[in-house]
Amino acid sequence: QVQVVESGGGSVQAGGSLRLSCAISGATYNSNCVGWFRQAPGMERAGLASIYTSSGDTYYGDSVKGRLTISRDSATNTVYLQMDSLKPEDTAMYYCAASFGRLCVPQTILTTNQYNYWGQGTQVTVSS
């Protein structure tokens, strides 16, 4: 049974940084891609950044480009999201998701439909 577990969320002041971690376990083969999403109350879940597991190629949403960096540690099946210059509007629940057995393509890699395994989320709160 595949498990996706996020960690690293918390409270930070505006301008600060956080690094989120996503540990993926229980799979007999590697995922094709892993993505980070966030969802604020009353809003839809939005794609932030995604990474191809094998090549390391990355994709970013326009709203966060330049402030977020996604990376992976293949040895530990962990994907990270480094978030810098945080703003109060970054406050949300952050989710990690993995795509197993599905072709990852640029057109869908930042959409929720790409992913079939999701974590429970980690809360990020940015105060002004």
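Quick caveats. This is a predicted model, so local features need pLDDT of at least 70 and side-chain atom pairs pLDDT 80 or more, while totals for chains, interfaces and linings use all residues. Numbering starts from 1 along each chain as its sequence is written, and side-chain values use heavy atoms, with hydrogens and water left out.

Who pairs with strand 11? Strand 2, residues 10-13, does so in the parallel sense over four bridges; pairing takes at least two DSSP bridges. Serine 11 has threonine 125 as its bridge partner. Strand 9 runs antiparallel to strand 11, with three bridges, and there alanine 92 partners valine 124.

Now the inside. The largest nonpolar core has 26 residues, with Trp36, Met83 and Tyr94 among those with the most contacts in it. By nonpolar core I mean buried Ala, Val, Leu, Ile, Met, Phe, Trp, Tyr and Cys joined through side-chain atoms within 4.5 Å. Strands 9 and 11 are among those supplying at least two residues each. Apart from it lies another core of seven residues, including Cys33 and Tyr52.

Methionine 83 touches Val124 and Arg67, among others; contact is heavy atoms within 4.5 Å.

So, is arginine 67 buried or exposed? It counts as buried, because its relative accessibility is 13%. Its contacts include Asp84 and Asp90.

Key
Buried means under 20% relative accessible area, exposed over 50%, partly exposed in between (1.4 Å probe, protein chains only). Lists of a residue's contacts leave out its neighbours within four places in sequence.
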